[in-house]
Amino acid sequence: MSRWMEMQKDELERQYSPSHWSQRMSGDEVIKAHVKALKEGTNRAQSVAQTLLNVPYGEGEGEKLDVYLPTTTSLDVPLVIYIHGGYWQFLSKEESGFMAVPLVHKGVVVVAVGYDIAPKGNMDLMVSQVRRSVAYVIQQYSHISGLYLCGHSAGAHLAAMVLSTDWSQYNVTPHIKGAFLVSGIYDLQPILSTYVNEPLKMTEEVALRNSPSQLVQQLKRSSSNCDIIVAVAQNDSPEFRKQSEDYYKALGSAGGLKVTLVDVPNTDHFNIIEQLVDGNYQLTQLLLTMMEKI
Ligand SMILES: N[C@@H](CC(=O)c1ccccc1NC=O)C(=O)O
């Protein structure tokens with residue numbers, strides 16, 4: 001039996017409170033600093049890069065994305081779609097362009113996707129929205145040299161769900177070259193009985209059909225040539241670290257997939273992604289290497 005099943009509710013909630021585990025600041029402070037860092041980074045990216053803001057990818061009010069264009073011209077233009085985190089109930093694309101600066105300078109297009117967080121959106125809708133956003137991007141930007149995904153926390157979950165899509169229901173079959181899954185949750189069952197599920201209101205059935213850990217065979221069919229990096233923070237909680245380790249192992253056991261587990265030293269759940277504003281940060285370098293831009 002996995003550890004979460006044996007945990008009392010308060011321990012489970014502690015494990016699934018990322019801010020509790022930061023060694024830099026108190027819980028409240030680390031979240032405040034996180035939102036501030038993401039917002040300032042996004043403002044900076046919008047002043048540096050040419051942008052296309054609020055591009056609709058669907059009919060819904062929340063179905064919009066922001067595009068950050070390269071500052072250099074080259075023939076080889078990869079595109080990375082960033083899916084923000086925030087436990088499917090916080091944050092938005094308005095603070096999700098922060099990673100664009102070092103990438104647009106290297107000739108990469110960055111797309112920050114918006115989706116309807118809870119309580120407006122539910123899990124099925126959010127998964128459908130990010131899938132449709134990827135289908136839209138590949139139709140609009142058919143000339144790019146490669147499509148990559150990056151997601152943080154709940155956004156890593158959504159990115160893993162995109163990799164696990166049966167594209168036969170869509171007009172296109174995107175070939176995602178690489179995915180960067182940062183401090184994600186891949187099995188939704190443990191959060192069902194926690195505060196995280198209060199606005200989400202997932203039933204067990206909803207949690208199971210939206211758990212990437214249950215969809216590894218589908219991922220193998222849909223994303224067989226995708227280079228997958230599962231990154232986790234040294235100071236993520238033991239349960240968060242286990243989520244990444246277990247998903248990494250499940251993908252590895254499926255065979256035929258290129259998967260790497262990266263344990264990022266001296267980081268917590270929040271600065272593991274905030275530091276993507278820095279071109280010299282380990283994960284920025286890994287992302288650029290994946291896109292063959294180093
Ligand atoms: N209750 C959660 C809150 C949280 O995860 C969060 C809150 C605001 C913005 C982002 C968050 N998480 C991850 O991106 C925590 O304890 O960290």
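Mentor: Axes are lines fitted to C-alpha atoms, for helices over the stretch in contact, and angles run from 0 to 180 degrees between N-to-C directions. Helices (H or I, at least four residues) and strands (E, at least two) are DSSP runs, numbered from the N terminus. Here the axes of helix α4 (residues 123-140) and α5 come within 9 Å and cross at roughly 65 degrees.

Mentor: Some ground rules come with the model. It is predicted, so local features need pLDDT of at least 70 and side-chain atom pairs count only at pLDDT 80 or more, while totals for chains, interfaces and linings use all residues. Residues are numbered from 1 along each chain as its sequence is written, and side-chain values use heavy atoms, with hydrogens and water left out.

Trainee: Which hand does the crossing of α4 and α5 have?

Mentor: A crossing is left-handed if the near helix is turned anticlockwise from the far one by less than a right angle, and right-handed if clockwise. α4 passes α5 in a right-handed crossing.

Trainee: Which residues of α4 and α5 meet?

Mentor: Contact means heavy atoms within 4.5 Å. From α4 come M123, M126, V127, V130, R131 and V134, and they meet H157, L158, M161 and V162 of α5. By class, this contact of α4 with α5 has 8 nonpolar, 1 polar and 1 charged residues. In this scheme Ala, Val, Leu, Ile, Met, Phe, Trp, Tyr, Cys and Pro count as nonpolar, Asp, Glu, Lys and Arg as charged, and the others, Gly among them, as polar.

Trainee: How is empty space found?

Mentor: Rolling a probe the size of a water molecule over the atoms shows where empty space is left. On a 1 Å grid over the protein atoms alone, a cavity is a set of points where a 1.4 Å probe fits but cannot get out; a pocket is an open set with protein on both sides within 12 Å along at least five of seven lines, and lining residues have an atom within 4 Å of a point. Grid points are joined across faces, edges and corners, and a volume is the space filled by probe spheres set on the points.

Mentor: The largest pocket holds about 280 Å³ of space. Its lining has 16 residues, with I31, G86, Y87, F90 and F270 nearest the centre. Helix α2 (residues 27-48) gives the largest share of that lining, 3 residues. The classes are 8 nonpolar, 8 polar and no charged residues.

Trainee: What is the volume of the second largest pocket?

Mentor: About 160 Å³. Its lining includes W4, D187, E239 and K242, and divides into 5 nonpolar, 3 polar and 4 charged residues.

Trainee: How many cavities of 30 Å³ or more does the structure hold?

Mentor: The structure holds 1. Among the residues lining the largest cavity are H34, Y82, E95 and H152.

Trainee: Which backbone details deserve a look?

Mentor: The peptide bond from A118 to P119 is cis, with omega near 5 degrees, and P119 lies in the loop between β4 (109-113) and α4. N54, in strand β1 (residues 51-56), has phi near 60 degrees, a positive value in a residue other than glycine.

Trainee: What pLDDT does the protein average?

Mentor: pLDDT is the predictor's confidence in each residue, from 0 to 100. The protein averages 97, and 100% of the residues score at least 70.
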